[in-house]
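Dear colleague,

I am passing on a structure that you have not worked with before, and I would be grateful if you could look through it with the notes below at hand. They follow the order in which I would go through it.

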Amino acid sequence: MAAEFAEIQQKYAVEAQKRVRPEGLAQFQELAHSGSERLRHLVDDVWADHAALDAQTPPLQAGDCPKILIAGAGIGGIVAAVRLIQQGFTADQIRLVETAGGVGGTWYWNRYPGLHCDIESYIYMPLLEETGFMPSHKYASGVEIRQHFKNVMEKYQLQDKVLFRSRVNSYRWDDAARHWNVDLSTWRGPKGQEQGSLQVKAEFVFMTAGLLAKPQVPKLGGVGIESYKGDLFHTSLWDYNVTGGSPDEVFPQLSKLAGKRVGFVGTGATAIQAVPCLAKYAKELYVFQRTPSTVFSRGQKPTDPQEWATSIAGKPGWFDARNRNFSQAMSRCLPDGETDLVDDEWSRQPAYRALTGDPEFAAVPPEKAGEVIAKFLMDDAPSTARARQRVKDLVKDPETAAKLTPWYPVWCKRPTFSDTYLQVFNEPHVHLVDTDGKGLDSMTPDGVVANGTEYPLDVLVFGTGYVSPSADGGDPSIRAGIKVYGRDGRDISDKFAREGVSTLYGVASNGFPNLFWLGVSQAGINPCHSYVLDTLARISAYMISAGHERVGDGSKTQGRVVVEVDAAGEHAWGMRILQGAARFATLSVCTPSYISSQRGPGNPAEGKTQEELFRAARQSPWSGGMMTFVDVFTKWRDEGKLEGVLSSAA
């Protein structure tokens with residue numbers, strides 16, 4: 001047994017090393033900032049109804065000063081607005097600014113065939129309890145999720161409070177006026193190509209940019225992607241003009257692919273869902289793989305209305321209770337005798353807490369990190385062995401099965417779930433092109449080159465994901481693309497670059513009054529990221545609300561209120577984050593991926609100064625698991641002291 005375990009760990013190391021690229025994250029290019037006009041246009045908003053948007057009365061005019069301005073109308077922006085309303089603010093006091101032509105964030109942009117959430121919809125879709133909505137399936141489709149967010153906006157009278165097709169460029173604090181000056185870019189007209197600018201003010205501002213916000217493709221030699229002559233698109237903006245079908249259908253008929261050779265680059269979470277749909281219609285389908293996904297069973301099923309009304313949503317508070325149960329199951333701290341309510345493959349991954357934290361290893365001294373890693377590898381062994389056996393059982397050709405077999409711990413790449421993906425490689429017209437970790441070689445005008453062989457293609461689809469969340473170094477302004485200048489004109493990026501990430505509960509920083517954000521550094525993390533965003537939105541809304549109640553007349557309508565994290569509170573929280581940072585050395589055994597910033601295995605401290613290590617450690621998430629993070633905040637809130645937060649009124 002010990003010899004087999006050691007052999008597997010050696011296999012992990014060999015496979016990971018194949019995928020190490022010296023350029024790291026720089027091997028990709030963000031589409032929006034590509035030097036190629038063709039590639040930049042791959043992220044144009046093809047879903048926007050520009051005529052209808054042009055006909056609307058803008059909810060923000062030059063010089064306006066709403067109480068609260070939220071940059072982003074994705075999941076984070078929507079839940080932030082709703083939690084503020086629940087704290088006593090009104091919809092009329094809130095404005096949202098959104099680059100897209102509609103709400104939903106990643107669920108607005110992504111409309112590829114077969115799209116569903118990979119977390120149970122009963123815990124993933126925020127505000128189900130408040131809206132009374134029952135998802136049709138255990139894992140809801142993108143079509144249904146997108147509609148849910150539209151319904152939420154209508155319920156809370158926010159649908160006319162969003163300035164669409166606009167971007168916040170900068171927030172600049174005015175200490176004398178006690179508000180933020182906000183600079184925005186807008187685009188209007190028939191195709192959204194008429195650019196303009198707008199300057200407004202706001203008492204409180206948010207940044208809510210998500211983790212899946214910046215689509216990327218690899219940098220390839222030869223003629224480059226932009227010179228490929230066939231049809232080309234990224235899955236984040238599926239081109240139904242090329243494939244046929246409609247974004248309003250869960251499983252659209254991709255009839256225009258009949259007789260065509262289709263290439264799909266990538267084998268991550270998107271491929272797992274899109275590839276089986278493409279295989280139904282393409283004449284030949286080539287799937288180009290750098291690293292195989294771990295694919296567990298899905299177990300999709302329709303929601304039983306009787307079960308929903310009784311055992312799922314039958315009691316007040318059910319949504320938070322079910323999320324708590326899931327988080328405890330993921331952190332292996334579910335109370336004795338309590339049932340695993342979600343009970344799917346996620347909660348059968350005992351080692352995934354190596355990435356998300358848990359109470360057992362919340363505070364690990366650096367010298368013990370190796371022991372903790374070994375513990376998680378042992379915990380992970382049965383599950384990953386089961387995943388490898390599943391490939392053998394489902395894929396008929398032994399050589400193809402071997403190439404589809406993942407060799408890395410479960411926490412190194414987000415696991416995937418499908419009852420159709422692996423089986424599709426049994427089809428004679430579906431071809432796996434495994435690059436043995438190297439990725440594509442280059443592009444030609446007619447197709448791609450992999451392993452020295454050219455593959456002529458009619459259609460090329462990139463399912464190559466998004467810029468890694470670690471690329472921003474924990475700085476929310478970088479992820480949001482917003483320059484932030486706080487008190488005395490200080491740039492928040494300068495503060496974080498010099499001192500490391502500095503926050504209270506991961507949502508606000510001293511020197512930047514009335515500024516809040518939803519991120520991952522110094523906050524709890526969870527496979528169900530929507531619950532993370534919802535939790536951070538509740539924390540932020542509470543701070544703003546309690547700050548108002550403690551000053552002036554205590555009302556939510558009073559102006560010139562300032563709420564700010566104090567230096568002592570920020571320092572104390574940072575020290576707690578540092579105490580748990582060593583446990584995240586678990587990433588040091590990982591294959592390069594989105595999660596590991598494309599770094600391979602090795603000592604994360606090698607070649608770094610103590611100061612650099614200190615700053616990197618401060619970027620860590622909360623180490624004790626999602627529910628201990630929630631519990632720490634809840635205790636702080638219930639004490640009612642607002643410790644670590646200062647508030648004042650002029």
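Two strands are taken as paired if DSSP finds at least two bridges between them. Please keep in mind that this is a predicted model.

Strand 8, which covers residues 204-207, pairs with strand 22 in the parallel sense, over 3 bridges. Both belong to an open sheet of 5 strands, whose order is 4-3-2-8-22 and whose pairing is parallel. The edges of this sheet are formed by strand 4 (162-163) and strand 22 (515-517), each of which pairs on one side only.

There is also an open sheet of 4 strands, in the order 7-6-5-21, and here the pairing is mixed. Strand 7 (194-202) and strand 21 (483-485) are at its edges with a single partner strand each, so one side of each has no neighbour in the sheet. On average, and with direction ignored, neighbouring strands of this sheet are turned by 15° against each other. Strand 5 (residues 166-174) pairs with strand 21 in the parallel sense over 3 bridges, and Ser 170 has Lys 483 of strand 21 as its bridge partner.

His 179 lies in strand 6, which runs over residues 179-188. Is this residue buried or exposed? Its relative accessible area is 11%, and because buried means under 20%, His 179 counts as buried. Leaving aside neighbours within four places in sequence, His 179 is in contact with Cys 65, Arg 172, Trp 173, Asp 174, Lys 201, Ala 202 and Glu 203.

Turning to the helices, the axes of helix 1 (residues 2-18) and helix 14 (residues 369-394) come within 12 Å and cross at roughly 75°, which means that helix 1 is roughly perpendicular to helix 14. Helix 1 contributes Phe 5, Ile 8, Gln 9 and Tyr 12 to the contact, while helix 14 contributes Leu 377, Met 378, Asp 380, Thr 384 and Arg 388. Sorted by class, the residues of this contact are 5 nonpolar, 2 polar and 2 charged.

Finally, Ser 555 lies in the loop between helix 19 (529-549) and strand 23 (561-565). The side chain of Ser 555 makes a polar contact, at 3.2 Å, with the side chain of Thr 557, whereas the C-alpha atoms of Ser 555 and Leu 404, 151 residues apart along the chain, are separated by 60 Å.

With kind regards

Notes
Residues numbered from 1 in each chain as written. Predicted model: local features only at pLDDT ≥ 70, side-chain atom pairs only at ≥ 80, totals over all residues. Heavy atoms only, no water. Helix = DSSP H or I, 4+ residues; strand = E, 2+ residues; numbered from the N terminus. Axes fitted to C-alpha atoms, helices over the stretch in contact; angles between N-to-C directions. Parallel < 35°, antiparallel > 145°, perpendicular 65-115°, else oblique. Contact = heavy atoms within 4.5 Å. Nonpolar A, V, L, I, M, F, W, Y, C, P; charged D, E, K, R; others polar. Buried < 20%, exposed > 50% of the residue type's maximum accessible area, 1.4 Å probe, protein only. Polar contact = N/O pair within 3.5 Å; in protein donor to acceptor, adjacent residues only side chain to side chain.
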